[in-house]
Amino acid sequence: MGGIKYLVLLHLVYISTCMEQLDIIYEWKQLDFEFQTPEARQQAIDSGTFIPENNMPMGLEIYGDKLFITVPRWRKGVPASLTYVNLKDNSTKSPKLIPYPSWAAHSMGSDGKPEIVSPFRIRADRCDRLWVLDNGKIGNLEANTTKFLPSLIIYDLKTDNLLRKYVFPEDHVKEDSGFANIAVEDMDCDKTYAYAGDVGKPGIVVYSWEKNESWRITHHYFHPDPLACDFSVKGHNFSWTDAIFGLGLSAPNADNFSTLYFHPMASYNEFAVSTEYLRNQSVADANFNAFKMLGSRGPNAQSSASFVDPKTGVLFYSLVNLNAVACWRTTNKEYLMKNQGRIYMDDEKMIYPTDIKVDYDENLWVLSNRMPIWMYSHLDPNEVNFRVFSAPVLNAISHTACDVTPRSDILTKYVNKLKNVTSKIAAKINPNSGASSLQFPLIGLLSSILLLSV
């Protein structure tokens, strides 16, 4: 093998190793639920209220020992659309989902609808409340879609009791509205604001906990880019015109305002606005130029969910066409491709990263669900289709453009990383020889490459 080709191979192996900085915590071939009895489960299957292949995990959130997972009612046969698993239960990597807060909350009530209809994504705030953004639609992918008004459902996570249900006013909801993502600004528990993105009819509905009222804000940055509507995932080519989707809130500034980082799914660009201009509709309307375009993620880099870690200031986001999760330090003045890092990239395990969160213990969590395959073809029940990944934030961003390690410590980190990487490379190059005989020359070669690339 020529010297240049050898160096390129080593560099590519190193890069691919750096792109797997998350661990798989859970994985499922199909979702199942913790029914009261085996007989109840069989009855649900017989009646069509539980059709395993129609259940698709969409959003996740972490609070204490609970990992929440939403299962929207895209198709019939979803018995519960807000669930959780017990993080302390290590008996299986494919646990059954437990309905939250109870089975009754997902059963049809006297008014013909359940307490929880069909949430996509949720948020647990620092005030021990779970904010559930309920899309209000049943059977989105079927001929007869049942539509209720979207709502915010807020639970007390300490008692699991319902605190409040706020139904969106009719003038907030348009014919094509679809509320898929939520961000919660919770510096003051009594003056909390929630921001709900409308992917179908571009807009943000802002809700004030204190006033128990909402208003709708529009801006052309919320709209899809017509040049970014073509997607390709695992051989499935399709066109999506999803508007504002990714929502990430920074830590508050000295005036207690956060920056909302956002992007439409059908877009390559990232945008930002201070919540100072969102907390009042007239202020937002009068300050059109307060909304800023930050820059581009590059070609083929459409993104769905995003989340800002308030401690490190790192913005995490999915890259749905590339089967990857990436990042950018919000303290960086330029939103350029060279300043963005790859956290994880895998054409099998990370097909369609659908939600991203950082918990209050500084762990990054990602859910992937192969949704385009499920929508346009079918999932193989013999394969793993859904995965939950996690890693401490500092480990996830290590050795990427988002690394917050002081520069004086970077060399030590690289050397330690290279020792692990070169052991793997040596084993791949010559599995019959001792890894240590190749390890130190490889460290020298890779170190040179890394120093040249910095």
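The model is predicted, and local features need pLDDT of at least 70, side-chain atom pairs count only at pLDDT 80 or more, and totals for chains, interfaces and linings use all residues. Residues are numbered from 1 along each chain as its sequence is written, and side-chain values use heavy atoms, with hydrogens and water left out.

The protein chain has an average pLDDT of 90, where pLDDT is the predictor's confidence in each residue, from 0 to 100. A score of at least 70 is reached by 85% of the residues. Residues 6-17 fall below 50, and this stretch has 24 contacts in the model beyond near neighbours in sequence. A contact means heavy atoms within 4.5 Å. Residues 446-454 also stay under 50. For them the model has 14 contacts beyond four places in sequence. Where pLDDT is low, the predicted coordinates should not be read in detail.

Secondary structure follows DSSP runs, numbered from the N terminus: helices are H or I with at least four residues, and strands are E with at least two. Two strands pair if DSSP finds at least two bridges between them. Tyr-195 stands opposite Val-206 in β14.

Another open sheet of four strands runs β18-β19-β20-β21, again with antiparallel pairing. β18 (244-249) and β21 (292-296) are the edge strands, each pairing on one side only. The average twist is 25° from one strand to the next. Five bridges connect β18 to β19 (residues 259-264) in the antiparallel sense. Ile-244 faces Pro-264 of β19 across this pairing.

Strands β22, β23 and β24 are linked by two hairpins. β22 (residues 306-309) pairs antiparallel with β23 (residues 314-319) over four bridges. Four residues separate the two strands, and Gly-313 in the turn has a positive phi of about 75°. Asp-309 has Val-314 as its bridge partner, while Val-308 stands opposite Leu-315. Six bridges then join β23 to β24 (residues 324-329), also antiparallel. In that hairpin, four residues again lie between the strands, and Asn-323 takes a positive phi near 50°. Val-314 has a bridge partner in β24 too, namely Arg-329.

Buried means under 20% relative accessible area, exposed over 50%, and partly exposed in between (1.4 Å probe, protein chains only). Val-314, Phe-316 and Ser-318 point one way, and Leu-315, Tyr-317 and Leu-319 the other. β22 is likewise covered on both faces. Ser-306 and Val-308 are buried on one side, Phe-307 and Asp-309 on the other.

The largest nonpolar core has 40 residues. Such a core is a set of buried Ala, Val, Leu, Ile, Met, Phe, Trp, Tyr and Cys residues joined through side-chain atoms within 4.5 Å. Those with the most contacts inside it are Trp-28, Leu-67, Leu-97, Trp-240, Met-371 and Val-388. Elements that give two or more residues include β1 (23-28), β3 (66-70) and β28 (386-392). α4 gives the most, with four residues. Beyond four places in sequence, Met-371 touches Met-56, Met-58, Trp-74, Trp-240 and Tyr-352.

Two loop residues complete the account. Asp-346 lies between β25 (340-345) and β26 (353-358). Asp-346 counts as buried because its relative accessibility is 14%. Its side chain reaches the backbone nitrogen of Glu-348 at 2.8 Å. Asp-346 also touches Glu-20, Asn-323 and Ile-351, not counting residues up to four places away in sequence. Leu-336 lies in the loop between β24 and β25. With a relative accessible area of 34%, Leu-336 is partly exposed. Its C-alpha atom is separated by 6.2 Å from that of Gly-295, 41 residues apart along the chain.

Key. Axes fitted to C-alpha atoms, helices over the stretch in contact; angles between N-to-C directions. Polar contact = N/O pair within 3.5 Å; in protein donor to acceptor, adjacent residues only side chain to side chain.
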